[in-house]
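Below are a few points for a reader opening this model for the first time. Please read them with the structure in view.

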Amino acid sequence: MSRFQTLTPSQLGRDEFVAAFADIYEHSPWVAEQAYDRGVDASLDDIDALHRRMADVLLGAPHEAQLTLINAHPDLAGKAAIRGELTASSTSEQAGAGIHECSAKEFARFTELNDAYKARFGFPFIKAVKGSNRHQILAAFEERIHNTPAQEFATALAEINKIALFRLQAM
């Protein structure tokens, strides 16, 4: 059982709970709202239990809500990163993967792949980058761009749930 270091979810009111977990899913506080609305008890003081609850909310959401959440994610090594417009979590995650150390050629390749991926699938490439480096991320990009739209939609949701778990574990 893994507990939160900075808070106890079961002791939070709805507004505090939503505020604490609003950005676990990128710019999508509705996931935290629905997780809370399903009932909060001491079981959610366990990181894995809260993650399962939040993941279930995402996976049970209508397709359009899922797509909106996917589209809330920034491009990896994209213009928002260069301009410093990412959330604190996204900035930290991308920096941890060494994306900020890309050469001009690597940034150009990220831009090319981001554009091609969005043209093919209609949403940004999503990867939980913790534990990866920029070379592994580019390799995943180059491999996944050949998947079907259905495969990539499912992969994006799975990667978003991995990102959410990493973010919860940091709390």
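1. Helix α4 (residues 63-71) and helix α9 (residues 149-169) have axes that come within 11 Å and cross at roughly 65 degrees. Axes here are lines fitted to C-alpha atoms over the stretch in contact, with angles from 0 to 180 degrees between N-to-C directions. Helices are DSSP runs (H or I, at least four residues), numbered from the N terminus.

2. This is a predicted model: local features need pLDDT of at least 70, side-chain atom pairs count only at pLDDT 80 or more, and totals for chains, interfaces and linings use all residues. Residues are numbered from 1 along each chain as its sequence is written, and side-chain values use heavy atoms, without hydrogens and water.

3. On the α4 side, H63, Q66, L67, L69 and I70 meet F153, A156, L157 and I160 of α9 (contact means heavy atoms within 4.5 Å).

4. Helix α3 (residues 47-60) has 14 residues. Its buried residues (under 20% relative accessible area, 1.4 Å probe, protein chains only) include I47, L50, M54 and L58. The buried residues of α3 pack against α1 (14-21), α2 (29-37), α4 and α9.

5. There are 11 aromatic pairs in the structure (Phe, Tyr or Trp rings, the six-membered one for Trp, with centres within 6.5 Å; edge-to-face means planes over 60 degrees apart). F110 and F141 pair edge-to-face, at 6.3 Å centre to centre and 65 degrees between the planes. F110 lies in helix α7 (residues 104-121) and F141 in helix α8 (residues 134-144), so the pair ties together parts 31 residues apart in sequence. Both F110 and F141 are buried.

Key
Rings of Phe, Tyr and Trp (its six-membered ring) pair if their centres lie within 6.5 Å; planes under 30 degrees apart count as stacked, over 60 as edge-to-face and the rest as tilted. Helices (H or I, at least four residues) and strands (E, at least two) are DSSP runs, numbered from the N terminus. Buried means under 20% relative accessible area, exposed over 50%, partly exposed in between (1.4 Å probe, protein chains only). The expected span of a helix is 1.5 Å times one less than its number of residues.
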